[in-house]
Amino acid sequence: MLADLPRLLRSLPLRRGVPLLFWLAGTVALAGGATLYLHGQDRAAVQRAYTEAEAAAETLEQLVFRVFETVESLHDLMQSRHSLQEAGNLAGAEAVAQHLVRVAGNGRFAVQQVSIIGADGRMSWSSGGSSGIWLGDRPYFHAHSQLGFAGLYLSPPLVSRSTGRLGITATRPLRNADGSFAGVAVVLLDPLALSQLLQEQGPQPGLVYRLRRLPDGALLAVSHDRDEALASPPNPAHPAVIAAATTHQGRLRFVPPTLRTQVLAAFRAPRDIPLVAFAAIDEVAALADYRHRQALVILGLVIASLVGLLAAVMFTVNRALRERLADEAVRDPLTGLFNRRHLTEVMRPAVNATARDGGLVGLLLLDLDRFKEVNDSLGLPVGDATLCAVAQRLRTTLRDSDTLVRLNADVFAVMTPGMREAGDASALAARLLAALVLPLQVQGHAISLSASIGIALAPLDGGSPEQLIRNAEIALYRAKAEARGQHRFFEPAMDAAMQQRRAMELGLRDALAKQELELHYQPLFDLRQWRVTGFEALLRWRRPGIGLVSPADFIPLAEETGLITPIGAWVLRQACLDAAGWPAGVKVAVNLSPVQFRDGGAVPVVQAALELSGLRPERLELEITEGVLLQDSEETLQQLRALRALGARVALDDFGSGYSSLNYLLRFPFDKVKIDRSFVGDLGSGAGGEGTVIVRAIIGMCRNLNIATTAEGVETQDQLLRLTQEGANEAQGYLFSRPRPAAEVPAMLEEPTRKLVRAAA
Ligand code: C2E
Ligand code: MG
Ligand code: MG
């Protein structure tokens with residue numbers, strides 16, 4: 001079944017691909033929808049990240065403002081101290097200095113120390129107590145003193161000469177009352193404390209704050225890794241630095257030198273403070289949620305697509321299987337031809353069409369003659385192969401519009417629409433029969449077959465497929481019975497005969513049980529002793545409503561239907577029982593049908609009848625016809641020998657009427673030959689008296705073979721005289737008596753002799 005799958009799929013016509021197309025379209029639509037959805041989600045996630053970063057950058061800017069407010073106020077205080085000193089108010093200057101020391105000492109906002117550098121470049125005062133240190137070479141000093149830079153100057157992190165620690169200087173120039181350069185006010189900020197402050201802003205996980213100096217981009221503080229601030233070189237090309245040069249705030253997306261992945265950032269560059277503050281969020285972190293969702297969506301999409309694909313494949317396969325099953329339901333597995341069901345299906349519309357449009361539909365039933373012999377002699381496999389070969393040959397004889405069907409065993413049917421007249425059907429039948437004439441080569445055997453054909457035509461012979469098939473069967477039956485190798489058209493009279501036959505068959509089935517069968521007896525007259533020495537038992541059927549039916553009318557039917565087996569057994573039993581009551585020495589002759597010899601059936605039945613009746617076997621004579629010898633003769637001869645061994649006598653009935661092979665007389669030692677009544681009727685007739693010649697020949701031959709002779713159908717004194725002259729042993733016929741019921745046997749024992757004596761007198 002599974003191995004069949006690829007072949008099955010390949011055999012699918014294009015339209016079977018429709019479910020797969022649906023699947024493809026569905027998958028594309030889903031993928032499109034998912035892409036749109038994810039794109040929206042992506043944008044929203046980025047947007048959220050920026051918004052977060054912006055909020056953080058704003059917080060950071062607030063912090064910067066607060067720090068530099070303090071720095072500014074410290075610068076102002078240092079300017080005040082200088083001004084007081086310049087004006088000679090030393091106490092005031094000292095008070096301010098004390099205040100400065102307190103403020104610097106409490107370390108708020110990362111302030112490490114404040115100091116004043118004189119115009120000569122030496123530190124003149126410091127909250128840390130140190131002074132006199134040379135700082136005239138510092139860039140900020142140079143900027144304020146030489147370049148006259150009056151604004152806030154921020155240094156990159158550097159090692160303070162007074163504290164020996166890392167610091168950032170925020171400086172401004174001091175002015176004398178006349179506005180001339182008086183030195184530099186220095187606020188030393190601790191970058192580590194500054195970083196600490198950033199960290200304390202409680203950044204979101206994934207968010208990083210940084211402060212960079214403008215315009216060289218040196219790192220001033222960073223929220224997450226404070227050592228980095230010391231290690232990183234200035235970076236004037238940093239996107240935040242470049243952006244801050246043109247705008248106060250904004251968004252950024254870049255790959256930072258320290259990281260390999262992109263970050264999303266927002267920046268603020270507060271006015272008048274030479275730094276840019278920014279908050280960056282790692283894009284991977286920012287989009288983690290989104291990526292997670294994306295993975296789920298893709299997974300869902302893949303699963304949905306796989307499920308869809310599976311469903312489409314299952315649907316397609318299922319449909320293909322269903323179609324194949326449906327096809328198998330209308331096909332004969334052996335030959336691959338259509339079967340009866342298909343025939344009725346296609347015939348119905350064809351028959352209906354003839355009623356509408358005119359024309360004829362022909363139905364030809366073809367039955368192989370003696371196909372059973374092929375099966376029996378060559379075996380079933382050869383028989384099967386022969387049927388396939390026949391199917392093949394018939395197919396090639398037909399047109400495409402004809403339907404060829406195997407109806408059963410060896411019966412084929414051809415339905416051919418669009419015929420104009422009955423002659424078309426006979427021509428087709430002749431073609432089919434001719435096609436079978438050439439021997440078939442089957443597994444090394446050359447098999448010659450003939451066939452019989454029955455034909456029914458719609459609408460003449462029936463308006464429904466069922467009726468047409470039935471009528472074609474009737475015609476076929478007639479063809480087989482009458483003339484094998486020929487075709488017959490259905491005729492209504494055949495149907496009547498068929499129905500009669502069927503009624504008879506039904507009646508015969510019950511005849512035994514209803515005791516409608518009886519035996520009549522006809523005397524056998526011995527020509528030497530001139531008296532009756534035996535009787536032939538002849539079967540009669542007293543059929544209700546019809547009367548006495550002759551065996552000639554129902555025995556063939558009983559043989560065909562197999563009913564002869566129980567009936568024949570009953571005849572034997574009854575005849576033996578009757579004879580057992582007759583005077584000793586009076587024989588009884590019983591007819592045996594060929595069918596009774598099949599499967600070795602004759603011997604046990606005879607034996608049983610003898611045992612039951614107690615009749616001495618030599619009083620029983622068994623009459624067989626040549627038909628018995630025709631079938632499988634060795635088997636039959638053995639049975640005949642067994643019957644003789646029982647002690648019964650065996651007679652060959654109706655000798656000369658059938659195939660009459662004299663050969664039979666040599667092959668089996670018959671006790672008696674019964675000369676057929678047709679020869680007896682011809683006795684003395686014809687110019688040369690041919691009847692007499694034949695009878696004389698038979699009697700002579702039998703005498704030589706030591707076989708007794710009985711002449712059948714003796715009706716006249718003349719016939720009797722001639723038979724006596726020719727030397728026949730026995731005579732039987734109406735001249736002595738017609739067959740009469742068993743009760744009249746005693747009378748029939750005496751009557752014939754008396755009658756003949758009277759006639760002679
Ligand atoms: P059969 O065995 O040859 O029987 C002789 C037939 O010839 C009988 O016909 C008989 O009535 C008929 N007959 C006898 N004398 C004359 C005569 O002078 N003139 C004419 N025209 N006919 C005469 P029946 O009884 O109709 O039987 C016909 C055949 O049916 C028998 O032919 C026999 O073959 C068969 N038959 C009868 N009874 C049985 C039976 O119990 N079993 C079997 N298997 N066959 C039977
Ligand atoms: Mg007979
Ligand atoms: Mg006979």
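Me: Which residue bridges the magnesium ion (ligand 3) and the magnesium ion (ligand 2), which lie 3.9 Å apart?

Reply: Asp 653 is the bridging residue. Before going on, a word on what you are looking at: it is a predicted model, where local features need pLDDT of at least 70 and side-chain atom pairs count only at pLDDT 80 or more, while totals for chains, interfaces and linings use all residues. Residues are numbered from 1 along each chain as its sequence is written, chains are lettered from A and ligands numbered from 1 in the order in which they are written, and side-chain values use heavy atoms, leaving out hydrogens and water.

Me: How do I read a metal site, and which residues coordinate the magnesium ion (ligand 2)?

Reply: Look for donors, meaning N, O and S atoms within 2.8 Å of the metal (3.2 Å for Na, K and Ca); water is not among the atoms, so sites may look incomplete. Here, the magnesium ion (ligand 2) is held by Glu 536 (OE), Asn 591 (OD1), Glu 623 (OE) and Asp 653 (OD), at 2.0 to 2.3 Å. Along the chain, these donor residues are spaced E-x54-N-x31-E-x29-D. One pair links distant parts of the chain: Asn 591 sits in strand β22 (residues 587–591) and Glu 623 in strand β23 (residues 620–624), 32 residues apart. Strands (E, at least two residues) and helices (H or I, at least four) are DSSP runs, numbered from the N terminus.

Me: And what are the protein donors of the magnesium ion (ligand 3)?

Reply: They are Asp 653 (OD), Asp 654 (OD), Glu 712 (OE) and Glu 712 (OE), lying 1.8 to 2.7 Å from the ion. The spacing this time is D-D-x57-E.

Me: Now for ligand 1. How many residues surround it?

Reply: A residue counts as near a molecule if one of its heavy atoms lies within 4 Å of it. For ligand 1 that gives 23 residues, the closest being Gln 522, Glu 536, Asp 653, Glu 715 and Tyr 734. By class, the shell has nine nonpolar, six polar and eight charged residues. In that sorting, Ala, Val, Leu, Ile, Met, Phe, Trp, Tyr, Cys and Pro are nonpolar, Asp, Glu, Lys and Arg are charged, and the others, Gly among them, are polar.

Me: Which residues have an N or O atom in the side chain 2.9 Å from an oxygen atom of ligand 1?

Reply: Glu 536 does. A polar side-chain atom of Arg 540 also lies 2.9 Å from an oxygen of ligand 1, and Tyr 734 places a backbone N or O atom 2.9 Å from one. The protein covers 85% of the 790 Å² of accessible area that ligand 1 has on its own; such areas come from the Shrake-Rupley method with a 1.4 Å probe, and for residues only the protein chains shown count as cover. Elements giving two or more residues to the shell are β20 (531–543), α16 (551–561) and β24 (649–655). β20 supplies the largest share, four residues.

Terms used:
A polar contact is a pair of N or O atoms within 3.5 Å; within protein, one must be able to donate a hydrogen and the other to accept it, and residues adjacent in sequence count only if both atoms are side-chain atoms.
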